[in-house]
Amino acid sequence: MSSTSGKAAEDAVVIPPPAIDETASTTTEKAVFAGGCFWGVQGVFQHVKGVKNAVSGYSGGTRETATYETVSGGDTGHAESVEVTYNPQEVTYGQLLQIYFSVAHNPTQLNFQGPDHGTQYRSEIFTTNGEQKKIAQSYIAQLDKAKVYGGPVVTKVSDMTAFYPAEAYHQDFLTLNPTYPYIVYNDMPKIDNLKALFPKKFSANPVLVLKAKG
């Protein structure tokens, strides 16, 4: 991703919750979201109550090409992604989707997010089961019908094949580098938007990968 940007983060969009959602039957589930640079997406979900862990990584390609330098070439099939481990009794899959579509990224930008261009920055949801797929596809149709954005949602919904964690220096990047220019311009506003739009779901203390591993 670019080191700086002359444009601040996309404005958050107030959107309705999904008309259909999961029925919580367990206390631990996983969801994988791609929406541009994983630094900001990870940072947003780390501040959501009910999230146990959020790991930056790569989805859509092979294990052999799941490295930052290779993925940055844009031809591996990978997207910079975030694997979210959460308690659906505290935050549902649908609520995570609402945050993803309203705060974490702009779902109308095809193969780019803000200053970052390439298929590795595409908007894509990797679903882990049929229920997630149904909820995600239904929600996209709902948002398009409601015309809450300036254009159609371009987010892809794909079956999850594998998730490969990114290098250690990418984990917890937003929290560890709050004054890094890219973070200041593009990602810190997302944290403010999360707190403003979802105050009951906002956690001031992020769930960090380092602590989760510990």
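I began with the sheet, counting two strands as paired if DSSP finds at least two bridges between them. Helices (H or I, at least four residues) and strands (E, at least two) are DSSP runs, numbered from the N terminus. This is a predicted model, so I kept in mind that local features need pLDDT of at least 70 and side-chain atom pairs count only at pLDDT 80 or more, while totals for chains, interfaces and linings use all residues. Residues are numbered from 1 along each chain as its sequence is written, and side-chain values use heavy atoms, with hydrogens and water left out.

**The sheet**

I traced an open sheet of 6 strands with mixed pairing, in the order β7-β6-β1-β3-β2-β8. β7 (156-159) and β8 (163-165) are the edge strands, each with a single partner, so one side of each has no neighbour in the sheet. Neighbouring strands are turned by 35° against each other on average, direction ignored.

I then looked at one pair: β1 (residues 29-35) and β6 (residues 123-127) run antiparallel over 4 bridges. Valine 32 has phenylalanine 126 in β6 as its bridge partner.

**Helices across the sheet**

Here contact means heavy atoms within 4.5 Å. I found α1 (residues 38-46) lying across β1, β2 (51-59) and β3 (79-86), at about 165° to β2. Helix α3 (residues 93-104) lies across β1, β2, β3 and β6, at about 15° to β1.

**Salt bridges**

My rule was a side-chain nitrogen of Lys or Arg within 4 Å of a carboxyl oxygen of Asp or Glu; the count is 4. For burial I took under 20% relative accessible area as buried, over 50% as exposed and in between as partly exposed (1.4 Å probe, protein chains only).

- Glutamate 83 and lysine 30 meet at 3.9 Å, N to O. Glutamate 83 is in β3 and lysine 30 in β1, 53 residues apart. Glutamate 83 is buried at 18%, and lysine 30 is partly exposed at 41%.
- Lysine 133 and aspartate 159 meet at 3.5 Å, N to O. Lysine 133 sits in α4 (residues 130-146) and aspartate 159 in β7, so the bridge ties together parts 26 residues apart in sequence. Lysine 133 is partly exposed at 27%, as is aspartate 159 at 48%.
- Lysine 190 and aspartate 187 meet at 3.5 Å, N to O. They are 3 residues apart in α6 (residues 181-197), about one helical turn, and both are buried.

**Helix α6**

That last pair sent me along α6. I put its bend at about 40° at aspartate 187, with proline 189 following within four residues; the bend is the angle between axes fitted to the seven residues ending there and the seven starting there. The expected span is 1.5 Å times one less than the number of residues. For the 17 residues of α6 that gives 24 Å, and the end C-alpha atoms are 24 Å apart, which agrees. Its buried residues include Tyr182, Ile183, Ile191 and Leu194. Among the elements covering the buried residues are α1, α3, β5 (116-117) and α5 (173-176).

**Positive phi**

Which way does lysine 147 lie, buried or exposed? Lysine 147 is exposed at 69%, in the loop between α4 and β7, with a positive phi of about 50° although not a glycine. Aspartate 172, with phi near 60°, is in the loop between β8 and α5 and is buried at 5%.

Terms used
Axes are lines fitted to C-alpha atoms, for helices over the stretch in contact, and angles run from 0 to 180 degrees between N-to-C directions.
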